[in-house]
Amino acid sequence: MPGSTSPEAGLASAPAPSPSAGDAKPASGDVLPGMVSAAVARTQLPSLTTGKPGTMAGYSRDKFTHWAEQGNKCDTREAVLKRDGADVTQDSECRAVSGSWKSLYDGVAVNEASKLDIDHMVPLAEAWRSGASGWDAAKRKAFANDLTRPQLLAVSAASNRSKGDQSPDLWQPPDKASWCQYGRAWTTVKSHYGLTVTDAERAMLTTMIDTCAS
């Protein structure tokens, strides 16, 4: 998920979410919006359908429309930068020109928006392999630009590129303090979109959610 978007991020757009969608605020203690509690995540996880990873046949990031317009000249990327940062100022084109961010995955402090990638919690390619290959264009666009659920976040470019399109059993955030949120977020997104998980993926998600205080 490289660059100012992400290897998995560079494709996104949803059935054009309304401008207010970018105003979704995380619950107290969370970095991401729309997170379920650890208790709810523990009930959702066993309910996810188990499946083997599908192939990449037919996959293209272009099938997940790139960052959707969110109103006021802002697109999804800029909406996430504004939401996830502190003291963010934007220019007349909605580009973040100053602010500060803390990358959830590695705890790195960032003061330049150009050094951030917008990560898809469940990468687009991973979603393709676990069910999105059968979706229509509108659903893929919604998934790629979802500002309501914990699917998009601003993180350091290094951590985003290290993650790539890997599932939790293959890549975990280096900062273990983020595991509780990561496991809950991944489970929330997969549950909402009806995506499958592998046995190894479910096991690591269980481990991550078990790091939650309650």
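Modeller: Happy to, and let's start with the pairing of two strands. Keep in mind that this is a predicted model. Strand β4 (residues 96–102) and strand β5 (residues 109–110) pair in the antiparallel sense over two bridges. To see one of them, look at W101, whose bridge partner in β5 is V110.

Colleague: How many residues lie between the strands in the hairpin of β4 and β5, and which residue there takes a positive phi?

Modeller: Six residues lie between those strands, and G107 takes a positive phi near 70°.

Colleague: How many bridges join β3 to β4, and in which sense do the strands run?

Modeller: Strand β3 (residues 86–90) is joined to β4 by three bridges, and the two run antiparallel. On the β4 side, S100 is the bridge partner of A86, while S98 is the bridge partner of T89. The hairpin of β3 and β4 has five residues between the strands, with C94 at a positive phi near 75°.

Colleague: What is the order of the strands in the open sheet?

Modeller: The three strands come in the order β3-β4-β5, with antiparallel pairing. Since β3 and β5 stand at the edges with a single partner strand each, one side of each is left without a neighbour in the sheet.

Colleague: Which strand holds D87, and what is its phi?

Modeller: D87 is found in strand β3. Its phi is near 55°, a positive value in a residue other than glycine. D87 counts as exposed because its relative accessibility is 69% and the cut-off is over 50%.

Colleague: Where is K73, and is K73 buried or exposed?

Modeller: K73 belongs to the loop between β1 and β2. It is exposed, with a relative accessible area of 54%. Its phi is positive too, near 70°, and it is a residue other than glycine.

Colleague: Let's step back a bit. How many helices and strands does the chain have?

Modeller: There are seven helices and seven strands. Reading from the N terminus, the elements go α-β-β-α-β-β-β-β-α-α-β-α-α-α. The chain has 214 residues, of which 53% count as buried.

Colleague: Now burial. Why is helix α2 largely enclosed by the rest of the structure?

Modeller: Count the buried residues along the helix. In α2 (residues 76–84), eight of the nine residues are buried, so the helix is largely enclosed by the rest of the structure. The buried ones are T76, R77, E78, A79, V80, L81, R83 and D84. They pack against β1 (69–71), β2 (74–75), β3, β4, β6 (116–120) and β7 (152–156).

Colleague: Which residue caps the N-terminal end of α2?

Modeller: That's D75: one of its side-chain oxygens lies 3.2 Å from the backbone nitrogen of R77.

Colleague: Which residues of helix α4 are buried, and what covers them?

Modeller: In α4 (residues 137–144), the buried residues are R140, A142, F143 and A144. Their cover includes β6, α3 (124–129), β7 and α6 (179–193).

Colleague: Where is R202, and is it buried or exposed?

Modeller: R202 sits in helix α7 (residues 199–209). With a relative accessibility of 15%, R202 counts as buried, because the cut-off is under 20%. Leaving aside neighbours within four places in sequence, R202 is in contact with L45, P46, L48, T49, T50 and V197. Take L48: it is 154 residues from R202 in sequence, yet their C-alpha atoms are 8.7 Å apart.

Colleague: And how do I read a pocket?

Modeller: Rolling a probe the size of a water molecule over the atoms shows where empty space is left. Here, the second largest pocket has a volume of about 190 Å³.

Colleague: Which residues line the second largest pocket?

Modeller: The lining is made by V31, D84, W101, K102, S103, L104, L153, A154, D175, A177 and S178. By class, six are nonpolar, two polar and three charged. β4 and β7 each supply at least two residues of that lining. Some names return here: W101 pairs with V110 of β5, and D84 is one of the buried residues of α2.

How values were computed
Residues are numbered from 1 along each chain as its sequence is written. This is a predicted model: local features need pLDDT of at least 70, side-chain atom pairs count only at pLDDT 80 or more; totals for chains, interfaces and linings use all residues. Side-chain values use heavy atoms; hydrogens and water are left out. Two strands pair if DSSP finds at least two bridges between them. Helices (H or I, at least four residues) and strands (E, at least two) are DSSP runs, numbered from the N terminus. Buried means under 20% relative accessible area, exposed over 50%, partly exposed in between (1.4 Å probe, protein chains only). Contact means heavy atoms within 4.5 Å. A polar contact is a pair of N or O atoms within 3.5 Å; within protein, one must be able to donate a hydrogen and the other to accept it, and residues adjacent in sequence count only if both atoms are side-chain atoms. On a 1 Å grid over the protein atoms alone, a cavity is a set of points where a 1.4 Å probe fits but cannot get out, and a pocket is an open set with protein on both sides within 12 Å along at least five of seven lines; lining residues have an atom within 4 Å of a point. Grid points are joined across faces, edges and corners, and a volume is the space filled by probe spheres set on the points. Ala, Val, Leu, Ile, Met, Phe, Trp, Tyr, Cys and Pro count as nonpolar, Asp, Glu, Lys and Arg as charged, and the others, Gly among them, as polar.
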